[in-house]
Amino acid sequence: MAQTSYAVAAKTVEGFQVYYIQQDNKAVAEIVPALGNNCYAFKVAVDDTWLNLIDAPPDLATLETRPTAYGNPILFPFPNRIRNGAWQFEGKTYQFDKAPESPTTIHGLLLNRPYQVESHTADQNGATLTCSLNSQDFPEITRQYPFPFKIEITYNLKDAVLTMRTAIKNTGDQNMPMGFGIHPYFSVDLGTEADASQAVITVPAAKYWELDEVLVPTGEQHTVTGTLDLQSGQPFSQLKLDHVFTDVQLVDGVSRCVIENRDTGYGMVMESDAQFRELVVYTPPGRDAICFEPYTCPTDAINLEARGISAGVIVLAPNETFSGTVRFMLK
């Protein structure tokens with residue numbers, strides 16, 4: 001049997017340095033460190049058919065102007081929304097920037113920030129790219145979130161499985177509250193002949209957070225029913241979702257969200273480790289795409305906890321590091 005070979009390549013695309021982590025004739029992931037370290041494309045070959053697991057932007061200019069709309073946006077220091085952008089921690093009040101007419105601040109502070117390439121390798125362990133961002137290099141981050149940190153993202157491609165490992169270190173001298181999530185868009189029509197409307201979507205979550213009119217949790221949770229019960233699968237055509245699911249079920253230490261195109265026989269899986277206690281599921285209007293968004297906490301978690309509602313806010317002590325792993329693969 002021929003030995004599988006891996007490679008890492010870089011080239012300039014539309015003025016941006018793009019890194020390609022590749023498995024020969026089998027899989028490739030495309031990452032643009034300068035635009036929030038977004039892994040904006042991931043393709044896997046089955047025989048002569050290339051399947052686009054991640055729903056890519058039409059071009060990088062679109063990704064630059066709409067950084068939450070394609071690929072795999074990274075959400076930190078909080079995922080999703082903070083009501084009024086305001087929150088408290090250890091007796092102090094903080095304020096994130098927000099548009100004057102907006103009721104929330106949304107999706108964190110890192111979306112289009114440039115990451116630095118730390119290293120890349122290609123060997124028997126696959127093709128790997130590691131990039132990092134130090135918050136102290138960005139006054140606009142430290143002004144809003146005065147908790148110094150370093151985030152390091154490692155993408156590894158091996159055996160056609162793309163693994164994303166995240167490490168976030170508190171580099172300051174005080175406790176640091178945080179939540180982390182990603183916002184990947186997945187193609188629902190895997191294969192040129194797939195009927196996206198008939199794709200079956202499975203999400204292993206038994207409850208969801210009740211949301212108010214600005215999509216912020218009220219604090220109440222409900223058992224999933226009807227089309228919100230995705231545990232045994234629902235057809236994509238029935239879904240209109242922008243929901244925060246919880247009570248996520250783990251098997252062998254991971255949760256598994258699945259897309260199945262039963263007409264073509266193709267499918268994909270997103271696995272998230274136990275750090276991710278919530279899953280947002282979003283169906284972008286007018287697109288054959290769906291977002292499975294693993295979060296360490298729900299929307300507005302820090303304000304829920306201020307009301308005495310357990311919401312999974314992580315507090316890192318000085319020099320402490322959070323780590324979490326997500327994987328994308330064919331089913």
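This is a predicted model: local features need pLDDT of at least 70, side-chain atom pairs count only at pLDDT 80 or more; totals for chains, interfaces and linings use all residues.
Student: What makes the chain agree with a compact globule?

Tutor: With 331 residues, a compact globule would have a radius of gyration near 20 Å, and the chain has 19 Å, so the two agree. Along its principal axes the C-alpha trace spans about 60 × 45 × 40 Å.

Student: How much of the chain is buried, and what does that word require?

Tutor: Buried residues make up 55% of the 331 residues. The word requires a relative accessible area under 20%. The accessible surface of the chain comes to about 13,900 Å². Carbon and sulfur atoms hold 44% of that surface.

Student: What share of the contacts links residues 24 or more positions apart?

Tutor: The share is 63%, counted among contacts with a separation of 6 or more.

Student: How far apart are the mean positions of the positive and negative charges?

Tutor: They are 3 Å apart, for 23 positive and 39 negative charges.

Student: How many helices and strands does the chain have?

Tutor: It has 3 helices and 28 strands.

Student: Why are β1 and β2 called a pair?

Tutor: Pairing takes at least two bridges, and 8 bridges join β1 (residues 6–13) to β2 (residues 16–23), so they qualify. The two strands run antiparallel. Ala 10 has Tyr 19 of β2 as its bridge partner. The hairpin has 2 residues between the strands, and Glu 14 takes a positive phi near 55 degrees there.

Student: What makes β11 and β21 edge strands?

Tutor: First, the sheet. Nine strands form an open sheet in the order β11-β12-β13-β14-β28-β24-β23-β18-β21, with antiparallel pairing. The edge strands are β11 (116–123) and β21 (234–235), as each pairs on one side only.

Student: Why is Ser 272 called buried?

Tutor: Its relative accessible area is 0%, and the limit is under 20%, so Ser 272 is buried. Ser 272 is in contact with Gly 253, Val 254, Ser 255, Pro 294, Thr 325 and Val 326, leaving aside neighbours within four places in sequence.

Student: What makes β25 mostly covered?

Tutor: In β25 (residues 278–282), 4 of the 5 residues are buried. Glu 278 lies in this strand. At 0% relative accessibility, against a limit of under 20%, Glu 278 therefore counts as buried. Leaving aside neighbours within four places in sequence, Glu 278 is in contact with several residues, among them Trp 209, Phe 245, Glu 293 and Tyr 295. Glu 278 and Gln 116 are 162 residues apart in sequence and 29 Å apart in space, C-alpha to C-alpha.

Student: Which strands pair with β25?

Tutor: β22 (residues 242–248) pairs with β25 over 4 bridges, in the antiparallel sense. In that pairing, His 243 stands opposite Val 281. β26 (residues 289–295) is joined to β25 by 5 bridges and also runs antiparallel to it. Tyr 282 has Cys 291 of β26 as its bridge partner. The hairpin of β25 and β26 has 6 residues between the strands, and Gly 286 takes a positive phi near 75 degrees.

Student: How do you know that His 183 is buried?

Tutor: His 183 has a relative accessible area of 4%, which is under 20%, so it is buried. His 183 sits in the loop between β16 (181–182) and β17 (185–187). Not counting residues up to four places away in sequence, His 183 touches residues including Thr 68, His 107, Tyr 282, Cys 291 and Glu 293.

Technical notes. Residues are numbered from 1 along each chain as its sequence is written. Side-chain values use heavy atoms; hydrogens and water are left out. The radius of gyration is taken over C-alpha atoms; the globule rule is 2.2 Å times the number of residues to the power 0.38. Buried means under 20% relative accessible area, exposed over 50%, partly exposed in between (1.4 Å probe, protein chains only). Contact means heavy atoms within 4.5 Å. Accessible areas come from the Shrake-Rupley method with a 1.4 Å probe; for residues, only the protein chains shown count as cover. Lys and Arg count as positive and Asp and Glu as negative; His and the chain ends are not counted. The place of a charge is taken as NZ of Lys, CZ of Arg, CG of Asp or CD of Glu.
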